[in-house]
Amino acid sequence: MPGESVAARSRGGGSPVSSVSKGIKKVEVGLKWDPSPAGTPSNDLDIIAATYAADAPYGNPVYLVHFDSRSPDGTITLNRDSRTGQGFGFDEVMTLELDRLAATFARVVVGVAIQQEAEQKVFGEIRNTAIRIREGYTDLAQSDLSSVSGCTAATIAEFTRDETGAWSFREVIRGFDVDPTMFASLMGGEH
């Protein structure tokens with residue numbers, strides 16, 4: 001696929017992770033990174049979530065949630081948005097209330113993209129990146145994006161709804177070398 005990096009990883013052999021057979025209900029995705037050195041342009045990383053319809057789980061996203069937006073029904077919200085990486089703890093935080101998503105949705109893909117300014121940056125040039133995906137106080141996944149260090153964007157998680165309506169999680173670290181707009185259109189493709 002154009003723009004996709006060969007760096008790809010799926011933990012646990014690609015098997016879904018969920019809490020005791022009732023599925024995942026509400027997750028928090030956190031992203032942090034160090035600010036750029038003094039006198040250099042700021043590093044601006046963004047969490048992006050794409051929702052997919054049950055009748056087209058690998059088609060075009062029904063909607064995207066990213067900086068300055070939330071889902072139309074309020075089930076996916078970017079609670080904290082940083083344009084510099086300054087602050088304590090996780091600089092960007094997105095909450096996904098999967099148990100409240102309408103039955104018309106069967107898949108949600110979450111990714112991270114670097115906003116590109118004057119010069120293009122890749123994850124390897126941004127110090128101390130870290131991602132944490134958790135349900136309650138249980139960490140489902142953690143990553144430093146080192147496996148996609150030469151990329152400008154990456155998927156980090158896939159949530160899918162089964163026939164019973166329960167949601168499961170799969171960590172999918174897949175890198176892309178594209179701008180955030182192109183990434184949003186490619187991130188949910190089959191792999």
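Predicted model: local features only at pLDDT ≥ 70, side-chain atom pairs only at ≥ 80, totals over all residues.

Helices (H or I, at least four residues) and strands (E, at least two) are DSSP runs, numbered from the N terminus. Residues are numbered from 1 along each chain as its sequence is written, and side-chain values use heavy atoms, with hydrogens and water left out.

**Fold and burial**

- Along the sequence, the elements of the protein chain run β-β-β-β-β-β-β-β-β-β-β-α.
- Buried means under 20% relative accessible area, exposed over 50%, and partly exposed in between (1.4 Å probe, protein chains only); 50% of the 191 residues of the protein chain count as buried.
- A contact means heavy atoms within 4.5 Å. Among contacts in the protein chain between residues at least 6 apart in sequence, 68% join residues at least 24 apart.

**Confidence**

- The pLDDT is the predictor's confidence in each residue, from 0 to 100; the protein chain averages 83, and 82% of the residues score at least 70.

**Aromatic rings**

- Rings of Phe, Tyr and Trp (its six-membered ring) pair if their centres lie within 6.5 Å; planes under 30 degrees apart count as stacked, over 60 as edge-to-face and the rest as tilted. The count by this rule is three aromatic pairs.
- Phe159 and Phe169 form a tilted pair, because their ring centres are 5.3 Å apart and their planes stand at 45°.
- This pair links distant parts of the chain, with Phe159 in strand 10 (residues 153-161) and Phe169 in strand 11 (residues 167-176), 10 residues apart. Both Phe159 and Phe169 are buried.
- The pair of Phe176 and Phe183 is edge-to-face, because the planes are at 65°, with the ring centres 5.3 Å apart. Phe176 and Phe183 are buried.
- A charge sits over a ring if NZ of Lys or CZ of Arg is within 6 Å of the ring centre and within 35 degrees of the ring normal. The charged end of Arg107 sits over the ring of Tyr52, 5.1 Å from the ring centre.

**Single residues**

- Arg132 is in strand 8 (residues 130-135) and counts as buried because its relative accessibility is 17%.
- The C-alpha atoms of Arg132 and Asp144 are separated by 9.1 Å, with the two residues 12 apart along the chain.
- Most residues other than glycine have a negative phi.
- Asn128, which is not a glycine, has a positive phi of about 55°. Asn128 is in the loop between strand 7 (105-114) and strand 8, and counts as exposed at 53% relative accessibility.
- Leu145 also has a positive phi, near 65°. Leu145 is in the loop between strand 9 (138-143) and strand 10, and is buried, with a relative accessible area of 0%.
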